[in-house]
Amino acid sequence: MCTRVIWPDAGGAVVVGRNMDFHMELRTNLWKLPRGIQRDDRVHGELKWTAKYGSVVAGVYDLLSADGMNEKGLAGHILWLAESEYGEPDASRPQLAMSVWLQYYLDNFATVAEAVDWTNANNPQVVPMTDPTGGSHPAIHLALDDATGDSVIFEYIDGELKVFHSREYLVMTNSPTYDQQIELVKQFDGLGGDAPLPGTCNAKDRFARALYYVNHQVPPTGQVQALAAMFSIIRNAAQPFRTPEPGKPDASQTLWQTVSDLTNLRYVFESTTRPNTVWVDLKDLDFSEGSGETKLNLISGLEVENGLSGNVTKKFGKHHKFHIISIEQADILGTAVSKAMAAVDAGKKAHAGEEKVQDLVRAKYLELVGAE
């Protein structure tokens, strides 16, 4: 599930691409989140903060941030890692629910170095949560990158936080753990070995191809060429639509892709199923406190398919709140969705079942939010 690539010398800019791979539609919309929003850890509310920086994020079911960039050029990307083990909950450490993990960093830090310093000093614990769509037990790791070209990967292995911080860590995919990935890739031609560059959808193969191609780019002549080159790299690491492998969402299909220019603050989104490309120029957004949370609706009425394309910076609409789901709410929602899925006829699950899940998630979540 997913690939992330950073190109730190893209003609004077830092450009990052990512694929979102999963086994079912995630109903992703884009959100503008201003400074000044008050949030908490979505576990017990012990860790509270006020957003220092505004951001644009790609949401999953409008319940959590899966990808995004803040107004200072710090970007973050949630990807799957099956080996993730977060340890028994430890109230003596700062805790963050999976749903708010990325958003905490976008809200509070301008650079990777700042994020790493805070992380090393505080040893935060990510608290796993029920998949609110009822389909899996999330296991994730997080990559951050910034406008200086810096990069870090955070993983939880055997209950211990691992921090992989280096400007040389250009690619992240999925299994195995990052320390193993950076060794395995050395066997391939052009990356330290003589084995042919692999071509499967396996995470280590996608890692090798992405690293090879980002290291073999000609200097771009401008922003458009830099963004196009990054799209070509992540498309090469994309996964085709096919029959999902049961229990392996990391072997699913690419649903959407983003390319971010961290230097010039442009965030580009492309959907596989609604194939128009849209982009947002963060410099032209109002992130001031009190400016309100706004939403670019990519789903209702198949907005993208019906002609939404190009620069959509001015097309965000006012919305009451991007309400990040809590641990307790995820448990309630996941249980309700699982029961609904069990009631769907097996022959209809591929399509009608997915639509029913989507409708139920939305209705049940609105009920939960109203009760909070």
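Residues are numbered from 1 along each chain as its sequence is written, and side-chain values use heavy atoms, with hydrogens and water left out. Because this is a predicted model, local features need pLDDT of at least 70 and side-chain atom pairs count only at pLDDT 80 or more, while totals for chains, interfaces and linings use all residues.

Q: Why is Asp145 called buried?
A: Buried means under 20% relative accessible area, exposed means over 50%, and partly exposed lies in between, with a 1.4 Å probe and protein chains only. Asp145 has a relative accessible area of 0%, so it counts as buried. Across the protein, 58% of the 372 residues get that label.

Q: What is Asp145 in contact with, leaving aside its neighbours within four places in sequence?
A: Contact means heavy atoms within 4.5 Å. By that test the partners of Asp145 include Arg4, Ile6, Val16, His77, Val112 and Leu262. Asp145 itself is found in strand E11. Val5 is 140 residues away in sequence, with 9.8 Å between the C-alpha atoms of the pair.

Q: What share of the contacts with a separation of 6 or more comes from residues 24 or more positions apart?
A: That share is 69% for this protein.

Q: What makes something a helix or a strand here, and how many has the protein?
A: Both are DSSP runs numbered from the N terminus: helices are H or I with at least four residues, strands are E with at least two. On that basis the protein has seven helices and 20 strands.

Q: How do you know that the buried residues of H2 line one face?
A: Start with who they are: Val112, Ala115, Val116, Trp118 and Thr119, in a helix that runs over residues 112-122. Seen down the axis of H2, they fall within an arc of 165°, so they line one face of the helix. The arc is taken from the directions from the helix axis to the C-beta atoms. As background, an α-helix has 3.6 residues a turn, so residues three or four places apart point the same way.

Q: What covers that buried side of H2, and what sits on the face turned away?
A: The cover includes helix H1 (101-108) and the strands E11 (140-145), E12 (151-157) and E13 (160-165). Asp117, Asn120 and Ala121 are the exposed residues on the face turned away. After H2 comes Asn123, with a positive phi near 45°.

Q: Why is H1 called mostly covered?
A: Eight of its eight residues are buried. Among them are Trp101, Tyr104, Tyr105 and Asp107.

Q: What makes a space in this protein a cavity, and how many are there of 30 Å³ or more?
A: On a 1 Å grid over the protein atoms alone, a cavity is a set of points where a 1.4 Å probe fits but cannot get out, and lining residues have an atom within 4 Å of a point. Grid points are joined across faces, edges and corners, and a volume is the space filled by probe spheres set on the points. The count comes to three.

Q: Which residues lie nearest the centre of the largest cavity, and what classes line it?
A: Of its 20 lining residues, Val60, Leu64, Asp131, Pro138 and Ile140 lie nearest the centre. By class, the lining has 15 nonpolar, four polar and one charged residues. Ala, Val, Leu, Ile, Met, Phe, Trp, Tyr, Cys and Pro count as nonpolar, Asp, Glu, Lys and Arg as charged, and the others, Gly among them, as polar.

Methods. On a 1 Å grid over the protein atoms alone, a cavity is a set of points where a 1.4 Å probe fits but cannot get out, and a pocket is an open set with protein on both sides within 12 Å along at least five of seven lines; lining residues have an atom within 4 Å of a point.
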